[in-house]
Amino acid sequence: VDPERSIPPLATKVHGISEEMVRGAPKIDAAGARFHRFCENAVLVAHNAPFDMAFFHRHAGRIGADFDHPVFDTVLLSAILFGQGESHTLDALSHRLGVVIPEKDRHTAIGDTIATADVFQKMLGMLEARGLVTFDDVLAEMQRNSRLLKEMKARVGAA
């Protein structure tokens, strides 16, 4: 996606995305609309979903669609499964669950997507073992525990 602005050097260093890579790429209106059609009637799974969903909500007018999909957030699921005191970064969660992210793929869209999918699949069995066996069970538990995200963010902000 063409971000329609310069890519900071630090972002290029972390994510490996350069100005040349996005030159001529579709803008958020076209790319977002295409992604929205792809996700139609789907449940989204993301690591730190509020970050990604805020981006889609901010650009909903340009995209021409609201991202009102149900979302499973692996950060919140991690806090529910492992407790608030644990680290819930994708790296920590992957390590805890035995998911290997090749170094060349870390902080790339495809690498982080595959790692998130693998982490989520491993979490499903753990959720089921806690009696959360249906979509509605998991969604209700996430809604009951949504305060954990606010508390975790407050602790990080205070540190």
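1. At a relative accessibility of 41%, E4 counts as partly exposed, a class that lies between buried (under 20% relative accessible area) and exposed (over 50%), with a 1.4 Å probe and protein chains only. E4 belongs to the segment before helix 1 (9-15), where helices (H or I, at least four residues) and strands (E, at least two) are DSSP runs numbered from the N terminus. The phi angle of E4 is near 60°, a positive value in a residue other than glycine.

2. On the basis of the note: this is a predicted model, in which local features need pLDDT of at least 70 and side-chain atom pairs count only at pLDDT 80 or more, while totals for chains, interfaces and linings use all residues. Residues are numbered from 1 along each chain as its sequence is written, and side-chain values use heavy atoms, with hydrogens and water left out.

3. H107 sits in the loop between helix 7 and helix 8, and with a relative accessible area of 30% H107 is partly exposed.

4. The axes of helix 6 (residues 74-82) and helix 7 (residues 90-97) come within 11 Å and cross at roughly 50°; axes here are lines fitted to C-alpha atoms, for helices over the stretch in contact, and angles run from 0 to 180 degrees between N-to-C directions. That makes helix 6 oblique to helix 7, given that angles under 35 degrees count as roughly parallel, over 145 as roughly antiparallel, 65 to 115 as roughly perpendicular and the rest as oblique. The crossing of these two helices is left-handed, a term used if the near helix is turned anticlockwise from the far one by less than a right angle, with right-handed used if clockwise.

5. In the contact itself (heavy atoms within 4.5 Å), T74, S78 and F82 of helix 6 meet L93, R96 and L97 of helix 7. The residues of this contact divide into three nonpolar, two polar and one charged, where Ala, Val, Leu, Ile, Met, Phe, Trp, Tyr, Cys and Pro count as nonpolar, Asp, Glu, Lys and Arg as charged, and the others, Gly among them, as polar.

6. Helix 6 also packs with helix 8, at an angle of about 35° and with the axes 11 Å apart, and helix 6 passes helix 8 in a left-handed crossing. On the helix 6 side the contact is made by T74, L77, S78, L81 and F82, and on the helix 8 side by T116, V119, F120, M123, M126 and L127. By class, the contact of helix 6 with helix 8 holds eight nonpolar, three polar and no charged residues.

7. A search of the whole structure finds seven aromatic pairs, counted for rings of Phe, Tyr and Trp (its six-membered ring) whose centres lie within 6.5 Å, with planes under 30 degrees apart called stacked, over 60 edge-to-face and the rest tilted. The rings of F35 and F56 have their centres 5.5 Å apart and their planes at 15°, so this pair is stacked. The pair links distant parts of the chain, with F35 in helix 3 (residues 28-38) and F56 in helix 4 (residues 49-58), 21 residues apart. F35 is partly exposed at a relative accessible area of 31%, whereas F56 is buried at 14%.

8. The rings of F72 and F120 have their centres 5.8 Å apart and their planes at 40°, so this pair is tilted. Here too distant parts of the chain are linked, as F72 lies in strand 2 (residues 71-73) and F120 in helix 8 (residues 109-129), 48 residues apart. F72 is buried, with a relative accessible area of 7%, and F120 is buried as well, with 12%.

9. Ring pairs link F35, F38, F55, F56 and F67 into a cluster. F67 is also one of the residues that H36 touches, along with A65, D66 and H69, not counting residues up to four places away in sequence. H36 lies in helix 3 and is buried, with a relative accessible area of 18%.
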